[in-house]
Amino acid sequence: MEETPKPFSPEIPSPPVPTEPPSVPQVAQSQIPGIPQQPAKEHEALKTFAGIPLPPMVEKLLPLILAVVAIFFGILIFAVVQKFIEKPEPKPVTIIVTPTPSPTPVHIFTTVATTSAFMAFESNVASLSGKVEAFQNEDPSLTTPSLVLPLGFPNDR
Amino acid sequence: MRRVQFGIALFFVCTLVLFVVPHIAASSQQAYQDYLYQADVYRQKYNAFQISQNEYLKFKTLASEADVISKTRDMLSQRSLLLRAYLLLLSEKLNETPQLTGSESDLYHQYIKNEVAFLETLSQFVNSVQSVNDAENASGRLEDHYAILASSMRQITLGISLAKLRSLGDDYSQSMVAARLLIDQVRPELTIDRQTTADRWFGKISDKRTIFLQKLDAITKAISSLKSTSLGDLDAKTSDIKTQLADAQSELTEGLSYIKELINAMRYKD
């Protein structure tokens with residue numbers, strides 16, 4: 001036996017059958033004063049997306065998805081703003097080295113300057129200069145004794 | 001065999017050098033220490049003499065008179081010892097100054113000998129002091145002679161300084177000879193202008209030597225004629241000679257700075 005294909009349409013549940021006769025008229029919840037009521041339209045919007053009803057799994061994850069999307073957009077906006085705020089890095093300056101004349105030009109030694117005799121002479125002059133600087137015109141150890149010669153008696157000469 | 005003899009001879013020479021040279025160098029140090037010691041003792045005895053003299057002048061008692069005579073004798077004796085110690089120090093310094101000429105050394109040693117002889121005679125007078133008048137007479141002998149003694153001592157100390165400066169001047173003259181050789185050797189490598197400059201600089205160096213020698217002559221004369229009858233005048237003349245020595249020293253200093261400049265100029269071709 002073959003099953004007859006079911007039409008591709010959501011099943012519309014049949015209205016509930018009242019078990020008891022509505023003897024007492026029920027007051028609609030929306031009509032109860034003092035209790036905040038959930039707007040019916042928003043609740044409806046969560047369950048559908050662009051008119052398409054969402055599956056219950058997606059419906060459960062919808063706040064999380066919205067949060068992720070919000071964070072993503074936040075990061076995107078931050079990156080864009082940051083890009084505009086940041087100053088563009090200066091381009092590397094290329095220094096063109098141009099040869100300049102040295103303040104101490106290269107000198108060429110005379111042939112005598114490299115001889116040992118020349119160096120010895122220079123050393124001798126430096127040594128003599130030190131001796132002349134250190135010369136004292138009086139030897140401090142030869143300071144003459146300081147004496148009080150007159151004895152200081154009243155009939156002193 | 002010859003090698004062994006040479007070795008023994010070398011050993012003796014080295015031993016002699018090792019033992020004798022430090023001894024010579026230490027002689028003036030020993031004399032200086034002795035001089036300092038005698039000066040210290042003199043100060044003590046002079047203070048004791050002053051205290052005793054004050055008591056004598058205040059109380060005029062026989063005891064105070066006897067005490068002051070004793071203290072004066074001690075002080076005068078120590079004064080003589082101090083002067084002798086100083087003359088000994090001068091003698092050692094003369095021996096350690098090879099820059100002195102033979103005649104200068106002989107002359108200064110003769111001065112010392114004369115002064116030591118005077119102090120020996122004075123010591124005899126001091127030892128025979130029996131009264132305040134005797135003490136005054138003994139002291140008066142030194143006071144009368146002191147200008148001559150001080151002149152001799154100043155001549156010797158200044159003479160030693162002069163000899164050392166003269167020796168530095170001799171070294172300067174040798175440096176001049178070397179500088180002349182340097183210029184002559186470098187001359188072919190220099191331009192005409194630089195040759196002329198080098199010759200002119202050498203002339204300046206030579207002038208410094210001439211001025212130095214003239215000042216040295218003036219100092220030599222001033223030292224040899226350093227005699228005075230008053231200590232104040234002697235001090236003034238001594239100070240003047242020291243200034244002349246400093247001037248001559250500055251001539252050498254400037255001349256040597258010129259030689260250094262010349263050396264630097266001769267170092268490079270351009």
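On a 1 Å grid over the protein atoms alone, a cavity is a set of points where a 1.4 Å probe fits but cannot get out, while a pocket is an open set with protein on both sides within 12 Å along at least five of seven lines; lining residues have an atom within 4 Å of a point. Rolling a probe the size of a water molecule over the atoms shows where empty space is left. We will come back to these spaces after meeting the chains.

The model is a predicted one, in which local features need pLDDT of at least 70 and side-chain atom pairs count only at pLDDT 80 or more, whereas totals for chains, interfaces and linings use all residues. Residues are numbered from 1 along each chain as its sequence is written, chains are lettered from A and ligands numbered from 1 in the order in which they are written, and side-chain values use heavy atoms, with hydrogens and water left out.

Let us start with chain A. Its secondary structure comes to three helices and two strands (DSSP runs numbered from the N terminus, H or I of at least four residues for helices and E of at least two for strands). From the N terminus on, the order is α-β-β-α-α. Of its 157 residues, 13% count as buried (buried is under 20% relative accessible area, exposed over 50% and partly exposed in between, with a 1.4 Å probe and protein chains only).

Chain B has six helices and zero strands. Buried residues make up 41% of its 270 residues. Among its contacts (heavy atoms within 4.5 Å) between residues at least 6 apart in sequence, 79% join residues at least 24 apart.

Is B:Ser228 buried or exposed? B:Ser228 counts as buried because its relative accessible area is 13%, under the 20% limit. Its side chain makes a polar contact with the side chain of B:Asp233 at 2.7 Å (a polar contact is a pair of N or O atoms within 3.5 Å; within protein, one must be able to donate a hydrogen and the other to accept it, and residues adjacent in sequence count only if both atoms are side-chain atoms). The B:Ser228 side chain also reaches the backbone oxygen of B:Ser230 at 3.3 Å.

Now for the spaces. The search finds one cavity of 30 Å³ or more, and the largest cavity holds about 40 Å³ (grid points are joined across faces, edges and corners, and a volume is the space filled by probe spheres set on the points). Helix 2, helix 3 and helix 4 of chain B each supply at least two residues of its lining, and B:Leu76, B:Arg79 and B:Leu142 are among the lining residues.

The largest pocket has about 190 Å³ of space. Of its 13 lining residues, A:Ala134, A:Phe135, A:Gln136, B:Ile160 and B:Lys164 lie nearest its centre. Helix 4 of chain B gives the largest share of this lining, six residues.
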